[in-house]
Amino acid sequence: MPINPIAIPIAAVAALVVGFIWYNPKVFGNAWMQASGMTEEKIKGGNMAKIFGLALFFAALLAVQLMQMTNHQWGALGMVGGDPTIALPSFEAFMADYGTAYRTFKHGAFHGTLAGIFVALPIIGTNALFERKSAKYIFINAGYWIVTLAVMGAILCGM
């Protein structure tokens, strides 16, 4: 089961789209600016091409890993060393029976949400504690990642 070269960039772009909505001043943008200590001047002073380019790159890296978390067939592939051509015939029979099991948008969104809660939230929360950020800051940023990983997981598993 190769990496889906179409789903990866779509999921990466989806992370930016969710961010445009989530951090819009009419949604959580103003609250985030206040909680993070960000100002309009700081925002205008950044190299936006570099920021969005790297954000897209990081989202693509995340999508590659998230695909393995949402698509259970990766586990079966791992059991044969990643090369199905050297697997026993039982692997081919297993994949014929279960190769598309749980490959839905809903299933991917579920696992993406779990990744957001059990991976992103603890990382963001730990960093925020040491940076002396508020709970509001933690929930705004973790909320973004929970929603984003759900959307990315849905795309990666459903396509």
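Trainee: What makes up the accessible surface of the protein?
Mentor: The surface comes to about 9,600 Å², and 71% of it belongs to carbon and sulfur atoms. Areas come from the Shrake-Rupley method with a 1.4 Å probe; for residues, only the protein chains shown count as cover. This is a predicted model: local features need pLDDT of at least 70, side-chain atom pairs count only at pLDDT 80 or more, and totals for chains, interfaces and linings use all residues. Residues are numbered from 1 along each chain as its sequence is written, and side-chain values use heavy atoms, leaving out hydrogens and water.

Trainee: Why is Thr-148 called buried?
Mentor: Buried means under 20% relative accessible area, exposed over 50%, partly exposed in between (1.4 Å probe, protein chains only). Thr-148 has 0%, so Thr-148 is buried. Of the 159 residues in the protein, 34% are buried.

Trainee: Which residues does Thr-148 touch, not counting those up to four places away in sequence?
Mentor: Ala-15 and Val-18. Contact means heavy atoms within 4.5 Å. Thr-148 itself lies in helix 8 (residues 135-158).

Trainee: How many helices and strands are there?
Mentor: Eight helices and zero strands. Both are DSSP runs, numbered from the N terminus: helices are H or I, at least four residues; strands are E, at least two.

Trainee: Which element has the lowest mean pLDDT?
Mentor: Helix 5 (residues 73-79), at 79; helix 1 (residues 7-22) has the highest, 98. The score is the predictor's confidence in each residue, from 0 to 100. The protein averages 93, and 99% of the residues score at least 70.
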